[in-house]
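The sequence and structure come first, and the description follows.

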Amino acid sequence: AGCGIGRFTALAQASGASVVAVDASRAAAATCRKNTGAACVQADLLDLPLRTGVFDAAFSIGVLHHTADPQRAFEAVAACVKPGGRLAVWVYAQPVSNKLLPVHDMLHEITRACPPGVLYDICCRYAVKVRDIYAGAWEPLQQILRVSYSPDDAECISDTFDWHTPQYRSWHTYQEVRGWFKAAGFVDITDGSFPVSVSGRKK
């Protein structure tokens, strides 16, 4: 749910899965289809054109928090999982302290108002340079700039752009997301080590 260009779709296929991939972006769905050969659907997670209760498993990695209503998007994905099936999600935890959050949010107001092409060009020019200057340090300025630490330059640029461009971006807690799972009828709910990742099995 939210396949992008197919990074995790390909991993699922490598594990033997037959995948139906969904993304709100027509271009992303088309690229995922080209990269993986999977059945790719362009659709809003808040209005999924899929039958409910038919999938053995579903996952959404880094996407629900970019929707207008993350809990409702979760519920739509969860509804597609059949009884006994599994669901795994990862959503953003609050990335900075309460003291830094207003500065962090102000920057996001600026970047999301920036034309995407202009913002991408800025990331191309500066993301790798900033990554190399900070060399893994996690100082307050770096926490706010959120430049990717990926050693792959193209991925560094892409991940940095992905952080700053979305219209919607929200933070969640383990307790909150476990509540989503329970309300949707899931059991065996497990927290992952990377915040905030949670999985469960549908009753």
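Helices (H or I, at least four residues) and strands (E, at least two) are DSSP runs, numbered from the N terminus. The model is a predicted one, in which local features need pLDDT of at least 70 and side-chain atom pairs count only at pLDDT 80 or more, while totals for chains, interfaces and linings use all residues. Residues are numbered from 1 along each chain as its sequence is written, and side-chain values use heavy atoms, with hydrogens and water left out.

**Helix H2**

Just after H2, Gly-37 takes a positive phi of about 75°. At the start of H2, a side-chain oxygen of Ser-25 comes to within 3.3 Å of the backbone nitrogen of Ala-27. For accessibility, buried means under 20% relative accessible area, exposed over 50%, and partly exposed in between (1.4 Å probe, protein chains only). Helix H2 covers residues 26-36, and Ala-28, Ala-29, Cys-32 and Thr-36 are buried in it. These residues lie on the same side of H2, because they cover an arc of only 100° around the axis; the arc is that of the directions from the helix axis to the C-beta atoms. Arg-26, Ala-27 and Lys-34, on the other side of H2, are exposed. The cover over the buried residues of H2 includes helix H1 (7-14), strand E1 (20-23) and strand E2 (39-42).

**The four-stranded sheet**

Four strands form an open sheet with mixed pairing, in the order E3-E4-E6-E5. E3 and E5 stand at the edges with a single partner strand each, so one side of each has no neighbour in the sheet. On average, neighbouring strands of this sheet are turned by 10° against each other, direction ignored. Two strands pair if DSSP finds at least two bridges between them. The pairings are as follows.

| Strands | Sense | Bridges |
|---|---|---|
| E3 (residues 55-61) and E4 | parallel | six bridges |
| E4 (residues 81-90) and E6 | antiparallel | five bridges |
| E5 (residues 186-191) and E6 | antiparallel | four bridges |

Ala-57 has Arg-86 in E4 as its bridge partner, and Ala-88 has Ser-199 in E6. Trp-90 stands opposite Ser-197 in E6, and Phe-186 stands opposite Lys-202 in E6. A hairpin of five residues joins E5 to E6.

Strand E6 (residues 197-202) is largely enclosed by the rest of the structure, because five of its six residues are buried.

E3, helix H3 (residues 70-79) and E4 make a right-handed β-α-β unit. A crossover is right-handed if, with the strands pointing away from the viewer, the path from the first strand over the helix to the second runs clockwise. H3 lies across E3, E4, E5 and E6 and runs at about 145° to E4. Axes are lines fitted to C-alpha atoms, for helices over the stretch in contact, and angles run from 0 to 180 degrees between N-to-C directions.

**Tyr-149**

Tyr-149 is in the loop between helix H6 (140-145) and helix H7 (153-164). With a relative accessible area of 34%, Tyr-149 is partly exposed. Contact means heavy atoms within 4.5 Å. Leaving aside neighbours within four places in sequence, Tyr-149 is in contact with Arg-131, Gly-136, Ala-137, Trp-138 and Gln-142. Tyr-149 and Arg-178 are 29 residues apart in sequence, and their C-alpha atoms are 29 Å apart in space.

Methods:
Polar contact = N/O pair within 3.5 Å; in protein donor to acceptor, adjacent residues only side chain to side chain.
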